[in-house]
There are 2 protein chains.
Amino acid sequence: MTSANDALSTASAPVAELPAVLGALHDPVRLEMVRRLSNAGAPVRCSALYDVINKSTATHHFKILREAGVIERLTIDGQTYQRLRVDALERAVPGLLPAVVGAANEAVGE
Amino acid sequence: MTSANDALSTASAPVAELPAVLGALHDPVRLEMVRRLSNAGAPVRCSALYDVINKSTATHHFKILREAGVIERLTIDGQTYQRLRVDALERAVPGLLPAVVGAANEAVGE
């Protein structure tokens, strides 16, 4: 029950205004989280979305992304996952996510 | 001579890394400057690119946009203009500018 509620509550949040979305994406740590989520094309365990920061810092960054409507949190079998809100973002700012992820992949040579 | 040198020096600056470009765009004042420049499709007098801020604040925002490689400064007949670096941005982050300007226009009902 808890997991279903978690998924529902975050999924229904609106995507934020454009400045907040860009503000969420412009931080290098968050940009990398979004890049990995986009490339995965599926929900990803939190710990697979960052490398050199600690968990509380990661939680802070997830919160900013979530509040901007960029990602949502899912609980599956007691594990927390993050999911990129691809469709909601595409409706809110068409073309932004592909452009950002494309350039981010380019920058890391992927 | 001065105007030609100004144009040349700013035009040759590289577009910054993606986080810096997104950081330059995420501020509402700078986003509006970019939106107006994009819609104008031509260099625009500085004073036509903002409304409620003072000149020194505007200068600060222009500097951030310029250092990110988003705009360049031109001097024409002793007047200062800003120009959006559309082609350089499109090469650096394909699709970003149309996506951002499109959503920004949408947000203000244009």
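Two strands are said to pair if DSSP finds at least two bridges between them, and with that in mind one can read that V44(A) has Q82(A), a residue of β3(A), as its bridge partner. The model described here is a predicted one, and chain A contains six helices and three strands.

**Overall make-up of chain A**

- Chain A has 110 residues, and 45% of them count as buried, where buried stands for a relative accessible area under 20%.
- Among the contacts in chain A with a separation of 6 or more, 62% are made by residues 24 or more positions apart.
- According to UniProt, in an unreviewed entry, residues 20-98 of chain A carry the feature "domain: HTH arsR-type".

**Two crossing helices in chain A**

- Helix α2 (residues 18-26) of chain A and helix α3 (residues 28-40) of chain A have axes that come within 5 Å and cross at roughly 95°.
- Because angles of 65 to 115 degrees count as roughly perpendicular, α2(A) and α3(A) are described as roughly perpendicular to each other.
- On the side of α2(A), the residues that take part in the meeting are G23(A), A24(A), L25(A) and H26(A), while α3(A) brings P28(A), R30(A), L31(A) and V34(A).
- Sorted by class, the contact of α2(A) with α3(A) consists of five nonpolar, two polar and one charged residues.

**The sheet of chain A**

- Strands of a sheet pair through backbone hydrogen bonds, and the pairing can be either parallel or antiparallel.
- In chain A, three strands make an open sheet in the order β1-β3-β2, and their pairing is antiparallel.
- The edge strands of this sheet are β1 (44-45) and β2 (71-76) of chain A, each of which pairs on one side only.
- Strand β3 (residues 79-84) of chain A is joined to β2(A) by six bridges, and these two strands run antiparallel.
- Within this pairing, I71(A) has L84(A) of β3(A) as its bridge partner, and I76(A) has Q79(A) of β3(A) as its bridge partner.
- Helix α4 (residues 55-67) of chain A packs on the sheet, where the helix touches β2 and β3 of chain A, and its direction makes about 115° with that of β2(A).
- β1(A) is joined to β3(A) by two bridges, and these strands too run antiparallel.

**The sheet of chain B**

- Chain B also has an open sheet formed by three strands, with the order β1-β3-β2 and antiparallel pairing.
- Since β1 (44-45) and β2 of chain B each have a single partner strand, they stand at the edges, and one side of each is left without a neighbour in the sheet.
- Two bridges connect β1(B) with β3(B) in the antiparallel sense, and the bridge partner of V44(B) in β3(B) is Q82(B).
- Helix α4 (residues 55-67) of chain B packs on this sheet, touching β2 and β3 of chain B, with a direction that makes about 115° with that of β2(B).

- Although D77(A) is not a glycine, it has a positive phi of about 50°.
- D77(A) has a relative accessible area of 77%, and is therefore exposed, given that exposed means over 50%.
- In chain B, D77(B) is found in the loop between β2 (71-76) and β3 (79-84), and it has a positive phi of about 55° although it is not a glycine.
- D77(B) is likewise exposed, with a relative accessible area of 76%.

**V29 in chain B**

- V29(B) lies in helix α3 (residues 28-40) of chain B, and with a relative accessible area of 26% it is partly exposed.
- Apart from its neighbours within four places in sequence, V29(B) is in contact with I53(B) and H61(B).
- V29(B) and F62(B) are separated by 33 residues in sequence, and their C-alpha atoms are 9.9 Å apart in space.

Notes
Residues numbered from 1 in each chain as written. Chains lettered and ligands numbered in written order. Predicted model: local features only at pLDDT ≥ 70, side-chain atom pairs only at ≥ 80, totals over all residues. Heavy atoms only, no water. UniProt positions renumbered as here; feature names shortened; annotations may be inferred. Axes fitted to C-alpha atoms, helices over the stretch in contact; angles between N-to-C directions. Helix = DSSP H or I, 4+ residues; strand = E, 2+ residues; numbered from the N terminus. Parallel < 35°, antiparallel > 145°, perpendicular 65-115°, else oblique. Contact = heavy atoms within 4.5 Å. Nonpolar A, V, L, I, M, F, W, Y, C, P; charged D, E, K, R; others polar. Buried < 20%, exposed > 50% of the residue type's maximum accessible area, 1.4 Å probe, protein only.
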